[in-house]
Amino acid sequence: MIKIPIFLDYQSTTPVDPRVLEAMLPYFSQEFGNAASKNHAFGWNAMKKVDWGRVQIARLINASPSEIIFTSGATESNNIALKGVFEMYKEKGNHIITQVTEHKAVLDSCKYLESLGAKITYLPVDASGRIRIDDLNKAITDKTILISIMFANNEIGTLQPIQEIGHIAKIDHVLFHVDAAQAAGRVPIDVEKLGIDILSLSAHKMYGPKGIGVLYVREKNPRVRLSPVIHGGGHERGFRSGTLNVPGIVGFGKAAEIAIKEMSAEVEKLTSLRDKLYTGITRELDHVQLNGHSTERLCNNLNLSFGFADSESLMKVLCEEVAVSSGSACSTGNPEPSHVLKALGLPEDRIQSSIRFGLGRFTTDEEIEYTIKRVAAHVKRLRDVSPVYQSLQKSAKA
Ligand SMILES: *Cc1c(COP(=O)(O)O)cnc(C)c1O
């Protein structure tokens with residue numbers, strides 16, 4: 001028995017894993033202490049568990065616990081990374097390099113910094129969504145203070161060549177920030193091996209709760225300094241003031257612990273389900289195109305364009321059965337065509353017919369089979385009433 005609607009929008013968020021919820025619950029009630037209270041057991045117990053959470057997340061990315069700063073999510077982490085570096089390294093330069101398919105939290109922070117005098121280079125991407133290393137090399141000047149490139153794209157799942165970028169950043173003594181909200185728990189992340197200096201994470205993209213995130217800030221080789229965005233009691237070594245979200249941190253810690261243990265098996269399962277979905281859909285339907293990179297991509301993302309079927313109409317008829325999103329659904333109520341698909345150089349009609357399928361920990365074989373059937377049926381029905389498709393069919397027969 002499958003439960004309808006099926007959730008296939010795991011890039012937008014993920015359900016809290018029951019093990020995560022169980023770990024969090026006591027920290028709302030019995031263990032409610034403020035982790036900054038130094039004078040009694042309520043505070044000590046909370047701090048002890050916060051420290052435990054910090055260790056789990058540090059292990060996930062091969063960092064030291066003291067390099068983990070808790071924030072409200074990847075949006076805030078990205079804001080601190082960009083604004084914090086810009087303000088702190090003003091003397092050195094005002095140039096930041098990013099790329100066109102970043103999350104809005106990066107792009108909008110860059111726009112804001114431009115108003116403060118920053119020079120931003122937005123690297124283009126190739127048809128698969130990757131930057132060209134050559135473009136990056138050419139963009140770096142002696143005024144460059146930061147390179148900010150995401151690990152995995154949230155719409156098309158394309159992975160960027162992070163290790164190569166990290167290598168260049170090291171050689172040129174430029175700080176390297178990575179938004180890894182989609183990659184964490186799906187791709188091994190080793191900040192040492194990859195040469196990452198600053199990294200953003202979000203718990204709710206990896207079966208933790210919403211409203212808790214992390215900023216990894218490298219402590220040595222080099223020691224990264226950041227101006228705070230939120231001022232207050234000096235929590236989190238002054239990087240981010242505010243009473244710690246103890247239940248959130250416990251949940252994030254548990255989610256990281258699970259990810260470390262189960263990632264490789266989960267990636268294998270998701271890759272096979274994703275491939276089954278792709279094979280099934282393309283067996284049932286012609287004129288289906290994959291958006292993004294064919295191999296350098298997330299195990300749980302499938303972004304497809306259905307020729308002669310408008311994605312808004314498709315989602316409208318599909319939404320009671322399968323929850324998916326169009327490429328553009330990440331910005332609140334934004335009806336504009338996806339900036340990511342546009343950056344790939346796709347024609348308007350292919351952008352307007354794209355659907356993002358996001359698979360996850362609780363996706364089953366039966367759900368994928370059902371989705372293939374329902375998507376095929378709905379696309380066929382839309383094509384039945386598409387004059388362009390019908391005349392194409394006629395001329396093909398003639
Ligand atoms: C979801 C997401 C964000 C925003 O994270 P929040 O924790 O929801 O603020 C940033 N970047 C990427 C790549 C994301 O997928």
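Hi everyone, and thanks for coming. Please keep in mind that this model is predicted.

Let's start with the sheet. In what order do the strands of the open sheet come? There are 7 of them, running β2-β8-β7-β6-β5-β3-β4, with mixed pairing. At the edges sit β2 (68-71) and β4 (119-123), each pairing on one side only. From one strand to the next, the twist averages 20 degrees.

Now look at one pair inside that sheet. Strands β5 (residues 144-148) and β6 (residues 175-179) are joined in the parallel sense by 3 bridges, and I147 has F176 of β6 as its bridge partner. Helix α6 (residues 162-171) packs on the sheet here, touching β5 and β6. The direction of α6 makes about 155 degrees with that of β6.

Next, a pair of helices. As a general point, we describe two packed helices by the angle and the distance between their axes. For α2 (residues 41-61) and α8 (residues 246-284), the axes come within 8 Å and cross at roughly 35 degrees. The crossing is left-handed. Among the residues making this contact are W52 and I57 of α2 and F252 and I260 of α8. By type, the contact residues are 12 nonpolar, 3 polar and 4 charged.

Last stop: is strand β12 (residues 354-358) enclosed or open? It is largely enclosed by the rest of the structure, because 5 of its 5 residues are buried. S354, R356 and G358 point one way, while I355 and F357 point the other.

Methods. Residues numbered from 1 in each chain as written. Predicted model: local features only at pLDDT ≥ 70, side-chain atom pairs only at ≥ 80, totals over all residues. Heavy atoms only, no water. Axes fitted to C-alpha atoms, helices over the stretch in contact; angles between N-to-C directions. Helix = DSSP H or I, 4+ residues; strand = E, 2+ residues; numbered from the N terminus. Left-handed = near helix turned anticlockwise from the far one by under 90°. Contact = heavy atoms within 4.5 Å. Nonpolar A, V, L, I, M, F, W, Y, C, P; charged D, E, K, R; others polar. Buried < 20%, exposed > 50% of the residue type's maximum accessible area, 1.4 Å probe, protein only. Pairing = 2+ DSSP bridges.
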